[in-house]
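Please open the model in a viewer and keep the selection tool at hand. The stops below are to be visited in order.

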Amino acid sequence: MGKFVIKQAKTGVKFDLKAGNGEVIASSQVYKSLVTCKKGIASVQKNAVAAAVEDQTAEGFQKEKNPKFEIYTDKGGEFRFRLKATNGQIIATSEGYKTMKSCKNGIASVKKNAESPVVEEK
């Protein structure tokens, strides 16, 4: 089972969602307070499972309603995803993946692990 790990950042706090094997599968922005960081976790828990997947790398891709995972390519040509809440805010982002298949596996892992009630503070 996955877990959310809250940790200090230079200007606040952030969280990582880790899979059962300990790998980071999604990260948050930096929040100003622990309370807002925990609200971010609650938003991921609520939105990830219901989120559609919008592949922005496909020509003429179909726009999906929020909540959604957006797949895109970064400047280095790697695939990444971001999870947007119902209000359109980005609530989690991924690392870069070399292949689309790996990126989609990352999304599936977030959907599976986001429901985790486990939240650790480092």
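Throughout this tour, a residue is called buried when its relative accessible area is under 20%, exposed when it is over 50%, and partly exposed in between (1.4 Å probe, protein chains only). The model is predicted, so local features need pLDDT of at least 70 and side-chain atom pairs count only at pLDDT 80 or more, while totals for chains, interfaces and linings use all residues. Residues are numbered from 1 along each chain as its sequence is written, and side-chain values use heavy atoms, with hydrogens and water left out.

**First stop: a salt bridge with a partly exposed arginine**

Select Arg80 and Asp74, whose side chains meet in a salt bridge at 2.7 Å, N to O. A salt bridge here is a side-chain nitrogen of Lys or Arg within 4 Å of a carboxyl oxygen of Asp or Glu. Arg80 has a relative accessible area of 24% and is therefore partly exposed. The whole structure holds 10 salt bridges.

**Second stop: a network of salt bridges**

Next, select Glu54, Lys68, Glu70, Arg82 and Lys84, which salt bridges link into a network. Begin with Glu54 and Lys68, where the closest N and O atoms are 2.9 Å apart. This pair links distant parts of the chain, 14 residues apart: Glu54 belongs to strand S4 (residues 52-55) and Lys68 to strand S5 (residues 68-73). Strands (E, at least two residues) and helices (H or I, at least four) are DSSP runs, numbered from the N terminus. Glu54 counts as buried because its relative accessibility is 0%; Lys68, at 7%, counts as buried too.

Move on to Lys84 and Glu70, which form a salt bridge at 3.3 Å, N to O. Lys84 lies in strand S6 (residues 79-84) and Glu70 in strand S5, so this pair ties together parts 14 residues apart in sequence. Lys84 and Glu70 are both buried.

Select Asn47, in helix H1 (residues 34-47). Its relative accessibility is 4%, so Asn47 counts as buried. Which residues does Asn47 touch, not counting those up to four places away in sequence? They are Pro67, Ala85, Thr86 and Ile91, contact being heavy atoms within 4.5 Å.

**Last stop: the largest nonpolar core**

A nonpolar core is a set of buried Ala, Val, Leu, Ile, Met, Phe, Trp, Tyr and Cys residues joined through side-chain atoms within 4.5 Å. Of the 28 residues in the largest one, select Phe15, Val44, Phe69, Phe81, Leu83 and Val110, which touch the most other members. Helix H2 (100-113) is among the elements that each supply at least two residues, and its 4 residues are the largest share.
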